[in-house]
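Here is a short briefing on one protein chain. Keep the sequence and the 3D view open as you read.

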Amino acid sequence: MIRTPQFSLLFQEADLPENTEATPDTKALERRFIAPDPADISVGNVLLKQYLVNAEQRTPIIIAEMLDQQNWSAFEAHYASSGRPPYAPRHMMGLILYGIMQGVTSLRALEKLAKLDLGCMWISGGIHPDHANIGRFINMHEPSLTGEFFDALTRSVLKKTNPSGQRLAGDGTTIEAACSNYNLIKEEAARAALEEAHRQAEKHPEDPKTLADLEQTADVLDRLLEQKQNRKDRGRKAEETKVSPTEPEAIVQKMKRNRGFAPGYTPSILVNEKRVVVGQAVDPTNEI
């Protein structure tokens with residue numbers, strides 16, 4: 001019998017079987033997760049997996065198999081060994097990834113998807129976390145949501161789909177940066193800000209915030225000068241070059257749908273003939 005720290009609250013030592021040790025088992029102290037088996041879910045009198053197969057909805061089954069092949073130890077290591085069991089990272093990521101594939105990115109929409117979508121139930125085991133729980137999961141595991149994880153997932157997809165790789169297609173779009181469009185600065189203002197940062201750093205050489213501000217303002221000026229030179233090299237006017245003091249890597253460019261000019265980026269993807277994303281990049285200027 002595996003004992004937990006709460007076991008003694010329910011039973012007295014005399015109630016224990018004779019072959020049960022009174023000391024806690026170390027395995028009981030390992031983190032436990034809420035990881036329900038979707039094989040136990042039924043739709044009417046038909047098991048969910050068979051229902052999806054009958055409905056010719058095999059994509060959720062394939063996605064679940066690929067998620068099962070991934071290593072989730074980096075995600076699981078973020079949790080303490082005590083307290084209420086959290087949802088298993090494998091199930092939470094299944095919900096999020098399936099939602100993205102369905103064009104669902106809102107946290108509240110993901111919460112609804114988990115409760116109503118049968119394919120999502122198969123992938124996530126039928127868990128239904130609320131939107132706040134999903135948001136906390138994303139914030140907690142941001143370091144683990146790296147290119148390495150998605151590369152491993154992509155390799156699993158490619159192995160499953162077995163594409164020829166003879167044809168690839170790429171495309172990109174323009175998205176607006178998070179910074180404000182109303183506090184952009186030119187070179188003169190960037191140099192003035194750097195001079196002031198140097199003066200403050202001389203007055204407070206041990207202040208971490210002052211040193212960080214100096215580094216930030218220096219980066220702003222460097223980025224601005226780099227953008228000016230790029231515009232000159234392309235034969236474009238460089239005198240009016242502006243950058244954001246909080247997000248200098250963003251390039252002021254024309255937005256879509258007649259929304260004028262604003263700091264932005266151009267994410268782009270590369271897909272194969274099976275519509276599997278095999279490459280992605282975020283560039284400050286264009287997909288080329």
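Predicted model: local features only at pLDDT ≥ 70, side-chain atom pairs only at ≥ 80, totals over all residues.

Aromatic rings come last, with a count of 4 aromatic pairs.

**Strands around β6**

- Ile269 stands opposite Gln280 in β7, and Thr266 has Asp283 in β7 as its bridge partner.
- The hairpin of β6 and β7 has 4 residues between the strands. Arg275 in this hairpin has a positive phi near 65°.
- Strand β3 (residues 168-172) is antiparallel to β6, with 5 bridges between them. Here Leu168 stands opposite Asn272 in β6.
- Strand β4 (residues 175-176) also pairs with β6 in the antiparallel sense, over 2 bridges. Look for Glu176, which stands opposite Gly264 in β6.
- Strand β5 (residues 251-254) is joined to β6 by 4 bridges, and the two run antiparallel.
- β5 and β6 form a hairpin too, with 6 residues between them. In its turn, Arg257 has a positive phi of about 55°.
- In a regular strand, side chains alternate between the two faces of the sheet.

**A closer look at Gln253**

- Gln253 sits in strand β5. It stands opposite Ala262 in β6.
- Is Gln253 buried or exposed? Its relative accessibility is 12%, so Gln253 counts as buried, the cut-off being under 20%.
- Which residues does Gln253 touch, leaving out those up to four places away in sequence? They are Thr174, Gly260, Phe261, Ala262, Gly264, Tyr265, Thr266, Pro284 and Thr285.

**Helix α11**

- Helix α11 (residues 208-233) has 26 residues.
- From its first C-alpha to its last, α11 reaches 38 Å. That is close to the 38 Å expected at 1.5 Å a residue.
- Which residues of α11 are buried? They are Thr210, Leu214, Thr217, Val220, Leu221, Leu224, Gln227 and Lys228.
- The cover over these buried residues of α11 includes α10 (187-203) and β5.
- After α11 comes Gly235, with a positive phi near 75°.

- In soluble globular proteins, nonpolar side chains tend to be buried together.
- Met93 is in contact with Trp72, Phe75, Phe137, Leu145 and Phe149, leaving aside neighbours within four places in sequence.

**Aromatic pairs**

- A pair of aromatic rings is described by the distance of the centres and the angle of the planes.
- There are 4 aromatic pairs. Two of them are described here.
- The ring centres of Phe33 and Tyr79 are 5.4 Å apart. Their planes are at 85°, so the pair is edge-to-face, for which the angle must be over 60 degrees.
- Where do these two residues lie? Phe33 is in the loop between α1 (7-10) and β1 (42-43), and Tyr79 is in the loop between α4 (73-76) and α5 (89-101). The pair therefore ties together parts that are 46 residues apart in sequence.
- Phe33 is partly exposed, with a relative accessible area of 22%. Tyr79 is buried, at 17%.
- The rings of Phe75 and Phe149 have centres 5.2 Å apart and planes at 65°, so this pair is edge-to-face as well.
- Phe75 is in helix α4 and Phe149 in helix α9 (residues 147-161), so named parts 74 residues apart are linked.
- Phe75 and Phe149 are both buried. Together with Trp72, they form one aromatic cluster.

Conventions. Residues numbered from 1 in each chain as written. Heavy atoms only, no water. Phe/Tyr/Trp six-rings, centres within 6.5 Å; stacked < 30°, edge-to-face > 60°. Buried < 20%, exposed > 50% of the residue type's maximum accessible area, 1.4 Å probe, protein only. Pairing = 2+ DSSP bridges. Contact = heavy atoms within 4.5 Å. Expected span 1.5 Å × (residues − 1).
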